[in-house]
Amino acid sequence: MVHIRFEGRSYDVTENQLGITENMKENAIKERLAQYFDVGKERFNSYVLDHRPSGDLIVRPEAVYG
């Protein structure tokens with residue numbers, strides 16, 4: 001499962017829906033995300049991809065503190 005936080009909303013989609021495979025590089029995943037949301041891939045440049053031990057992937061904006 002891929003959990004995505006994008007533009008203030010949360011989405012849960014499968015890897016198959018995004019066309020993501022297990023060994024894909026981060027840039028390729030962000031490109032697939034941009035295609036899924038029909039936005040430019042630069043919109044995901046500052047996003048963090050967190051691969052969880054459970055196998056899930058969390059995609060979120062980079063946290064900025066201070």
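## Helix α2

In this predicted model, helix α2 covers residues 26-37, which is 12 residues. Directly after α2 comes Asp38, whose phi is positive, near 55°.

Which residues of α2 are buried? They are Ile29, Lys30, Leu33, Ala34 and Phe37. Viewed down the helix axis, these buried residues fall within an arc of 140°, so they line one face of α2. An α-helix has 3.6 residues a turn, so residues three or four places apart point the same way. On the other side of α2, Asn27 and Gln35 are exposed. The cover over the buried residues of α2 includes the strands β1 (2-6), β2 (9-13), β3 (47-51) and β4 (57-61), together with helix α1 (15-18).

## The nonpolar core

The largest nonpolar core of the model has 16 residues. Val2, Ile4, Leu18, Ile29, Leu33, Phe44 and Val59 have the most contacts inside this core. At least two core residues come from each of β1, α2, β3 and β4. Which element gives the most to this core? Helix α2 does, with four residues. In soluble globular proteins, nonpolar side chains tend to be buried together.

Ile4 shows what one of these core residues touches. Leaving aside residues up to four places away in sequence, Ile4 is in contact with Arg9, Ser10, Tyr11, Val13, Leu18, Leu33, Phe37 and Val59. Among these partners, Leu18, Leu33 and Val59 are also listed with the most contacts inside the core, and Leu33 and Phe37 are buried residues of α2.

## The two hairpins

β1 and β2 pair in the antiparallel sense over five bridges. Arg5 has Ser10 in β2 as its bridge partner. The two strands form a hairpin with two residues between them, and Glu7 in the turn has a positive phi of about 50°.

β3 and β4 also run antiparallel and are joined by five bridges. Here the bridge partner of Leu49 is Val59 in β4. This hairpin has five residues between its strands, and Gly55 in the turn has a positive phi of about 100°. Ser54 is in the loop between β3 and β4. Is Ser54 buried or exposed? With a relative accessibility of 58%, Ser54 counts as exposed. Ser54 and Met1 are 53 residues apart in sequence, and their C-alpha atoms are 9.5 Å apart in space.

## Salt bridges

How many salt bridges does the model have? The count comes to four. One of them joins the side chains of Arg43 and Glu7, at 2.0 Å from N to O. This pair links distant parts of the chain, 36 residues apart: Arg43 is in the loop between α2 and β3, and Glu7 is in the loop between β1 and β2. Arg43 is partly exposed, with a relative accessible area of 36%, whereas Glu7 is exposed at 55%.

Another salt bridge is formed by Lys41 and Glu31, whose closest N and O atoms are 3.9 Å apart. This pair, too, links distant parts of the chain, with Lys41 in the loop between α2 and β3 and Glu31 in helix α2, 10 residues apart. Lys41 counts as exposed at 51% relative accessibility; Glu31 is partly exposed at 36%. The side chains of Arg52 and Asp50 also meet in a salt bridge, at 3.1 Å from N to O. Arg52 counts as partly exposed at 39% relative accessibility, and Asp50 is partly exposed with a relative accessible area of 24%.

Gly40 counts as partly exposed, at 29% relative accessibility. The C-alpha atoms of Gly40 and Lys30 are separated by 10.0 Å, the two residues being 10 residues apart along the chain. Lys30 is one of the buried residues of α2.

Definitions and conventions:
Residues numbered from 1 in each chain as written. Predicted model: local features only at pLDDT ≥ 70, side-chain atom pairs only at ≥ 80, totals over all residues. Heavy atoms only, no water. Expected span 1.5 Å × (residues − 1). Buried < 20%, exposed > 50% of the residue type's maximum accessible area, 1.4 Å probe, protein only. Arc of directions from axis to C-beta. Contact = heavy atoms within 4.5 Å. Core = buried A, V, L, I, M, F, W, Y, C linked by side-chain atoms within 4.5 Å. Pairing = 2+ DSSP bridges.
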